Amino acid sequence: MAPQGTPGECKMYHGLTYGALGGKIAEAACNKSLQTLLEEKIFRPLKIDDIYFNLPKDKYSNLAQILDSDNNDFFLSH
């Protein structure tokens, strides 16, 4: 795929990698996993008990099915 912008002139982070980069910085700064940080700082204070950063396999049945152009289940196959 060709770059969206001219190399060297525009810097962008992909939506998926931006979270991973930010998460690693938060983990290093706090010496805790991102899951623990999210639970302590966001989920518990807001009394949210059914939200996941890394979805457990036993919750996969709650997902909407996302298919690619070949009718493959995108979420679970990639």
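**Exercise 1.** Is L46 buried or exposed?

*Solution.* Start with the ground rules. This is a predicted model, where local features need pLDDT of at least 70, side-chain atom pairs count only at pLDDT 80 or more, and totals for chains, interfaces and linings use all residues. Residues are numbered from 1 along each chain as its sequence is written, and side-chain values use heavy atoms, without hydrogens and water.

Next, take the cut-offs: buried is under 20% relative accessible area, exposed is over 50%, and partly exposed lies in between (1.4 Å probe, protein chains only). L46 has a relative accessible area of 58%, so L46 is exposed. Its place is the loop between α2 (34-43) and α3 (74-77). Helices here are DSSP runs of H or I with at least four residues, numbered from the N terminus.

**Exercise 2.** How many salt bridges does a search of the whole structure find?

*Solution.* Apply the criterion: a side-chain nitrogen of Lys or Arg within 4 Å of a carboxyl oxygen of Asp or Glu. The search finds 3.

- E27 pairs with K24, with the closest N and O atoms 3.6 Å apart.
- E40 pairs with K32, at 2.8 Å.
- R44 pairs with E39, at 3.5 Å.

**Exercise 3.** What separates E27 and K24 along helix α1?

*Solution.* Helix α1 covers residues 15-30. E27 and K24 are 3 residues apart in this helix, so about one helical turn separates them. E27 is partly exposed at 24%. K24 is exposed at 57%.

Definitions and conventions:
Helices (H or I, at least four residues) and strands (E, at least two) are DSSP runs, numbered from the N terminus.
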